[in-house]
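Subject: Handover of a structure and the findings from it

Dear colleague,

Please find below the structure that I am handing over to you. The findings follow it, grouped by region.

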Amino acid sequence: MGDQQFPAQQQQPPGLTDQMTPRPDHGETSYRGADKLTGRRALVTGGDSGIGRAVAIAFAREGADVAITYLPQEQADADETARWVRTEGRACVCIPVDLTDEAAARRSVRTAVDELGGLDVVVNNAGFQWARRESFADVTSEQVERTVRTNLYALFWVTQEALQHLGPGAAIINTTSIQAYQPSTALIDYASTKAAINNVTVNLAAELGPRGIRVNAVAPGPIWTPLQPATQEPEKVAAFGSDTPLGRAGQPAEVAPAFVFLASPVTGSYVSGTVVGVTGGRPVF
Ligand code: NAD
Ligand code: MG
């Protein structure tokens, strides 16, 4: 096990930001916008915390209105994200929803479209993993079900619903993972969903390119978010990220610019069907 990075700590899923030591950096005091998403309307699933919160803040500072989805237990985190977005003078639509429920997932997209008055950017970012297990034999059907429904099925449902409203110039961005390339034994089901997301990203980019819609993914390495203490063993959390070439975990604020790059017609107009790695040096090929 690597060097201690964080105090050993544990939460239960979905995890809350206020219970983390130290608190993650979502770019609250650092991210500077440059009109890269002026007037865009973006849906960010799992936008209450972690990477999703950093993306919501960055998008707002680039001039976008935002809708975020989250689980009802995460209302406090959602309120905090909304506060930062609204401080920029941008709208933040808050939608509590369990995305493993197909009807509710589809409904949540329609709510976002109605409240935002349309949709230009979809960030499929909600995700679930479970790593507190010894071996493959310990993987339960319930864990597989929850992981696949959250990471893969919900991505299909949300994207299908969104596509009824996306036009030329729109962008879809999926959150994949270093786990798609270098899977951990304890995350076998999760890693498989992330590999599938890469495959779906390339495939959808091929279908939607002729409609002027770009589809890409961001592959984070170890990033300091509630997901980690909520799903990993405390001693794994303590060493989290120490085995990367850069020798540390990343902060959500360090991942958000990749989403901006892919979402923006200014920077990403000819970028589709690819994966941007933000991994602290681990390979994404
Ligand atoms: P996070 O816990 O802050 O965000 C994940 C969000 O997913 C939660 O806030 C929650 O709102 C949402 N979610 C989970 N289950 C849901 C459900 N059933 N219905 C609706 N929403 C649900 O953690 P994060 O690390 O920012 O995760 C964001 C994405 O980044 C995930 O897809 C995750 O797999 C991916 N990722 C994270 C890391 C990392 O090290 N943190 C690395 C690679 C990829
Ligand atoms: Mg959360």
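Ala 42 is found in strand β1. Please note at the outset that this is a predicted model, and the values that follow were computed from it.

Ala 42 has a relative accessible area of 1%, so it is buried. With a relative accessible area of 3%, Thr 45 is buried. A polar atom of the Thr 45 side chain lies 2.9 Å from the backbone nitrogen of Ala 126.

Another strand, β5, comprises residues 171–175 and includes Asn 174. Is Asn 174 buried or exposed? Its relative accessibility is 0%, which falls under the 20% limit for a buried residue. The side chain of Asn 174 is joined to that of Asn 124 by a polar contact of 2.9 Å.

**The ligand site**

Ligand 1 is surrounded by 30 residues. Asp 48, Ser 49, Glu 74, Tyr 190 and Thr 225 are the closest of these. By residue class, the shell around ligand 1 consists of 13 nonpolar, 13 polar and four charged residues.

A polar side-chain atom of Thr 225 lies 2.6 Å from an oxygen atom of ligand 1. The backbone takes part as well: a polar backbone atom of Ile 51 is 2.8 Å from an oxygen atom of ligand 1, and a backbone N or O atom of Ile 223 is likewise 2.8 Å from an oxygen atom of the ligand. Ligand 1 taken alone exposes 800 Å², and the protein buries 97% of that area. Which elements give two or more residues to the shell around ligand 1? They are α1 (50–61), α5 (188–208) and α6 (227–231).

Helix α4 covers residues 141–163, 23 residues in total. From its first C-alpha to its last, α4 reaches 31 Å, close to the 33 Å expected at 1.5 Å a residue. At Arg 149, helix α4 bends by about 40 degrees.

Ala 154 also lies in helix α4. This residue is buried, with a relative accessible area of 3%. Ala 154 and Leu 99 are 55 residues apart in sequence, yet their C-alpha atoms are 5.7 Å apart in space.

Helix α8 runs over residues 252–263, which makes twelve residues. Its reach from first to last C-alpha is 17 Å, close to the expected 16 Å. Why can α8 be described as largely enclosed by the rest of the structure? The reason is that nine of its twelve residues are buried. These are Pro 252, Ala 253, Val 255, Ala 256, Ala 258, Phe 259, Val 260, Leu 262 and Ala 263.

**The segment before β1**

Several points concern the segment that precedes β1 (41–45), in which Leu 16 is placed. At 24% relative accessibility, Leu 16 counts as partly exposed. The C-alpha atoms of Leu 16 and Gly 209 are separated by 38 Å, and the two residues are 193 apart along the chain.

Some details of backbone geometry in this segment deserve a look. Most residues other than glycine have a negative phi, and most peptide bonds are trans. Pro 14 lies in the segment before β1, and the bond that joins Pro 13 to Pro 14 is a cis peptide bond with omega of about 5 degrees. Pro 22 has its place in the segment before β1 too, and the peptide bond from Thr 21 to Pro 22 is cis, with omega near -5 degrees.

Asp 35, also in the segment before β1, has a positive phi of about 60 degrees although it is not a glycine. The relative accessible area of Asp 35 is 58%, so this residue counts as exposed.

Yours sincerely

How values were computed. Residues numbered from 1 in each chain as written. Chains lettered and ligands numbered in written order. Predicted model: local features only at pLDDT ≥ 70, side-chain atom pairs only at ≥ 80, totals over all residues. Heavy atoms only, no water. Near = heavy atom within 4 Å. Polar contact = N/O pair within 3.5 Å; in protein donor to acceptor, adjacent residues only side chain to side chain. Areas by Shrake-Rupley, 256 points an atom, 1.4 Å probe, with all protein chains shown as cover. Helix = DSSP H or I, 4+ residues; strand = E, 2+ residues; numbered from the N terminus. Nonpolar A, V, L, I, M, F, W, Y, C, P; charged D, E, K, R; others polar. Expected span 1.5 Å × (residues − 1). Bend = angle between axes of the 7 residues up to and from the residue. Buried < 20%, exposed > 50% of the residue type's maximum accessible area, 1.4 Å probe, protein only.
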